[in-house]
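Let's take a friendly walk through a protein model. Have a look at the sequence and the structure before reading on.

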Amino acid sequence: MGFASLKPDVYWVGAIDWAIRDFHGYITPKGSTYNNYLILDEEPTLIDGVKLEFVDESIGNIKSLIEPARIKHLVVNHIEPDHGGGLSRLLALMPKATVYCTQKGKEGLSRYHDISGWDIKVVKTGERLKIGRRTLQFIETPMVHWPDSMMTLCLEEGILFSQDGFGQHLASSQRFDDEFVACASEAEIEDSVWDYYANILMPFGGIIKNKIEEISKLGVPIGMIAPDHGVIWRKRPEKVLGMYLDMANGKADERVVIIYDTMWGGTARMAQPIMEGLKDEGMDTRVMKLRATPLSVAIKEFWRARGCLLGSPTLNNNLFPYVGEFLIYLKGLRPKDRIVSAFGSYGWAGGAVKLAMEEFRNMKLEVYPETPTVNYRPNPEEQRACYEFGQKFARATREFHKRFL
Ligand code: FEO
């Protein structure tokens, strides 16, 4: 009996992936879940699928509640394979089911599955599906997370089935926010939301804000948010809605993160006094060496902090590759509202710091103009200059942070 009850006749029938540690390159130290939901109304309805490797688990949960052949509707909010991968297997057991998805969803499904025998109905924002006592309303949410994405609102229950939105990569025996907070902590769930948003949804903050507004204008009180990953927001959906709005509006902690890598220790010997300078100026500071830190963790720390100092040695007139990798990932996430600068050591010709600053300018981040560079390794005088640079950057970050208060 692996299912969980959200409300009478509304069930979670998904699967917990305790073992996943690499989610298409995003490191998931706490695993994840693939959530899908079953509504037992006059016309039984399944909302979303699960990853192919977990489809038997979901089928087992469904079978303990209903014979799958009786399912009348399958809502596909999002086609990415962590949700859509098992759809062919599910539909083979549900021959009478009509599939509801967006136009982009249909196009994408045709690339992943043989949909020739599927009864697909393309839906748009505002369209409704009456399944008995309950009504489902569809809301297209393109790019949250893929162009096909939509959310489904159960009007009578006030449950928003939000696919990737409001999710967390968090495997847990608890299915609900209140249960999780009671067993673990508020800080852990918050950190998981920051992590997920930073790595999956950061580029789409503006769209998210508009969609939250659009949904609130429907006038249906949202009593529960049921995402496709992590815990269901049963007790405090307003908590995650507030966090998303804050992040979309540029919220960050008053903190500086130093993200760096080093070849022979020169850049590391700059990072240390810079950190001391930041600390002595009263700035909360974290230091992350890229080769010791999964990229997705470095991105989350970047996103949580108001300021970032990026340290890179120069290798072959270029960025150190690990730093280059970080910048490529960061650029794609289109960050905003952060103050940044760069520092680093070089052997015979520099270049890395200049290239990092160019990237930051292209990202339209707030660029702090001073960029300490040293030949090979810093001498005591240069370390002192690094310390003072840390102090100055702390003051600049504090000033910049005020714009968002
Ligand atoms: Fe969880 Fe965009 O897939």
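## A hairpin to start with

Strand S1 and strand S2 (residues 10–12) run antiparallel and are joined by three bridges. Strands here, like helices, are DSSP runs numbered from the N terminus (at least two residues of type E for a strand, at least four of type H or I for a helix), and two strands pair if DSSP finds at least two bridges between them. Lys7 has Val10 in S2 as its bridge partner. The hairpin of S1 and S2 has two residues between the strands, and Asp9 takes a positive phi near 70 degrees there.

This is a predicted model: local features need pLDDT of at least 70, side-chain atom pairs count only at pLDDT 80 or more, and totals for chains, interfaces and linings use all residues. Residues are numbered from 1 along each chain as its sequence is written, and side-chain values use heavy atoms, with hydrogens and water left out.

## The sheet

Which order do the strands of the open sheet take? The seven strands follow S1-S2-S7-S8-S9-S10-S11, with mixed pairing. Strand S1 (4–7) and strand S11 (119–122) stand at the edges with a single partner strand each, so one side of each has no neighbour in the sheet. From one strand to the next, the twist averages 25 degrees.

Within this sheet, S7 (residues 37–39) and S8 (residues 45–47) pair in the antiparallel sense over three bridges. Ile39 stands opposite Thr45 in S8.

## A helix with a buried face

Helix H4 (residues 103–112) has Gly105, Gly108 and Leu109 as its buried residues. Seen down the axis of H4, they fall within an arc of 105 degrees (taken from the directions from the helix axis to the C-beta atoms), so they line one face of the helix. Gly108 counts as buried because its relative accessibility is 13% (buried means under 20% relative accessible area, exposed over 50%, partly exposed in between, with a 1.4 Å probe and protein chains only).

What do the buried residues of H4 pack against? Their partners are helix H3 (87–92) and strand S10 (98–101), where contact means heavy atoms within 4.5 Å.

## Across the chain

Gly108 and Asp253 are 145 residues apart along the chain, and 38 Å separates their C-alpha atoms.

Key
Axes fitted to C-alpha atoms, helices over the stretch in contact; angles between N-to-C directions.
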